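This report covers salt bridges, helix packing and a few local features of one structure. Please have the sequence and the model at hand.

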Amino acid sequence: MLILGPLFWCVGLLLRTRAVASASFTPEEVARFATEEFAARQQLAAYAANPGLTISAYGLFLAGAILLIPATAILTYLAARRSPVLATMGGLLVILGFAARVYFAGVEQVAFQLVDIQGVDPTAALVLDAYVNVSYGPLRIPVTAAFGQYLGMPLLAAALYRAEIFGGARVLVLLWSAMMWGGVLKAAGWWDVVSSAALFVVLAALAVEIGRHGDPRLRRGGILSW
């Protein structure tokens, strides 16, 4: 999970950027997308232009989010040996954030199916007109859960640092990964790909350490140590 979760997450983000690039939008279409507050129309148009690539991208991104739930549970378990309260609170909040992305993915899948039925513009108009209600979800539960990543990751990162599992550099990567946007039909950029690739390196390195030594506890060498 420590390897597959961030790997699928990263590849999904990479393919989301490629789906938009492969659509070869005209300057007029790009200008139109830029005037809208949300990226829903752009993402729906990318699906219409290349449905296979777009569905693969969103699917891998969702698979990454799901697999990062047990990965977060592993991090929580390791950190809880030294900071049980901090680790548990942080881990649960981060898991809630990943769980919210399952709801977002469901809304996105419905929107893609509507594109197949009625086209991009009618679907975009429907989604954008009701974007807040659709994206936030019933009783605002999904969007509230999504904030768990912003609140929980600093707590979990602090617990991992206190437990000497991660040094300062890896803590910074975790905090960077927590800045990832949430919501429905969001546009992914290269900065997101780099952030997710860094997360993959950190978690894969931890998986290797566990596989080799069993106990991943490290000896910190300062705030910027590995």
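In what follows, buried means under 20% relative accessible area, exposed means over 50%, and partly exposed lies in between (1.4 Å probe, protein chains only). The model is predicted, so local features need pLDDT of at least 70, side-chain atom pairs count only at pLDDT 80 or more, and totals for chains, interfaces and linings use all residues. Residues are numbered from 1 along each chain as its sequence is written, and side-chain values use heavy atoms, with hydrogens and water left out.

**Salt bridges**

Side chains of opposite charge can pair when their charged atoms come close. A salt bridge here is a side-chain nitrogen of Lys or Arg within 4 Å of a carboxyl oxygen of Asp or Glu. The structure holds four of them.

| Pair | N to O distance |
|---|---|
| Arg32 and Asp121 | 3.4 Å |
| Arg41 and Asp121 | 3.0 Å |
| Arg170 and Glu209 | 3.2 Å |

Helices are DSSP runs (H or I, at least four residues), numbered from the N terminus. Arg32 and Asp121 form a salt bridge; Arg32 lies in helix H2 and Asp121 in helix H6 (residues 120–129), so this pair ties together parts that are 89 residues apart in sequence. Arg32 is partly exposed, at 39% relative accessible area, and Asp121 is partly exposed at 41%.

Asp121 also forms a salt bridge with Arg41. Because Arg41 lies in helix H3 (residues 40–49) and Asp121 in H6, the pair joins parts 80 residues apart in sequence. Arg41 is buried, with a relative accessible area of 8%. A network of salt bridges links Arg32, Glu36, Arg41 and Asp121.

The side chains of Arg170 and Glu209 also meet in a salt bridge. This pair links distant parts of the chain, with Arg170 in helix H10 (residues 168–177) and Glu209 in helix H11 (residues 190–213), 39 residues apart. Arg170 is buried at 0% relative accessibility, and Glu209 is buried at 16%.

**Helix packing**

Two packed helices are described by the angle between their axes and the distance between the axes. Axes are lines fitted to C-alpha atoms, for helices over the stretch in contact, and angles run from 0 to 180 degrees between N-to-C directions. Helix H4 (residues 51–80) packs against helix H5 (residues 84–118) at an angle of about 170 degrees, with the axes 9 Å apart. H4 is therefore roughly antiparallel to H5, a term used for angles over 145 degrees. The contact of H4 with H5 has 20 nonpolar, six polar and two charged residues. Ala, Val, Leu, Ile, Met, Phe, Trp, Tyr, Cys and Pro count as nonpolar, Asp, Glu, Lys and Arg as charged, and the others, Gly among them, as polar.

**Loops**

Ser24 is not a glycine, yet has a positive phi of about 50 degrees. Ser24 sits in the loop between H1 and helix H2 (27–35) and is exposed, with a relative accessible area of 58%. Arg140, also not a glycine, has a positive phi of about 60 degrees. Arg140 is in the loop between helix H7 (131–136) and helix H8 (141–146), and is partly exposed at 35% relative accessibility.

**Tyr161**

Tyr161 is in helix H9 (residues 148–162) and is partly exposed, with a relative accessible area of 23%. The C-alpha atoms of Tyr161 and Ser195 are separated by 20 Å, the two being 34 residues apart along the chain.

Note on methods:
Helix = DSSP H or I, 4+ residues; strand = E, 2+ residues; numbered from the N terminus. Parallel < 35°, antiparallel > 145°, perpendicular 65-115°, else oblique.
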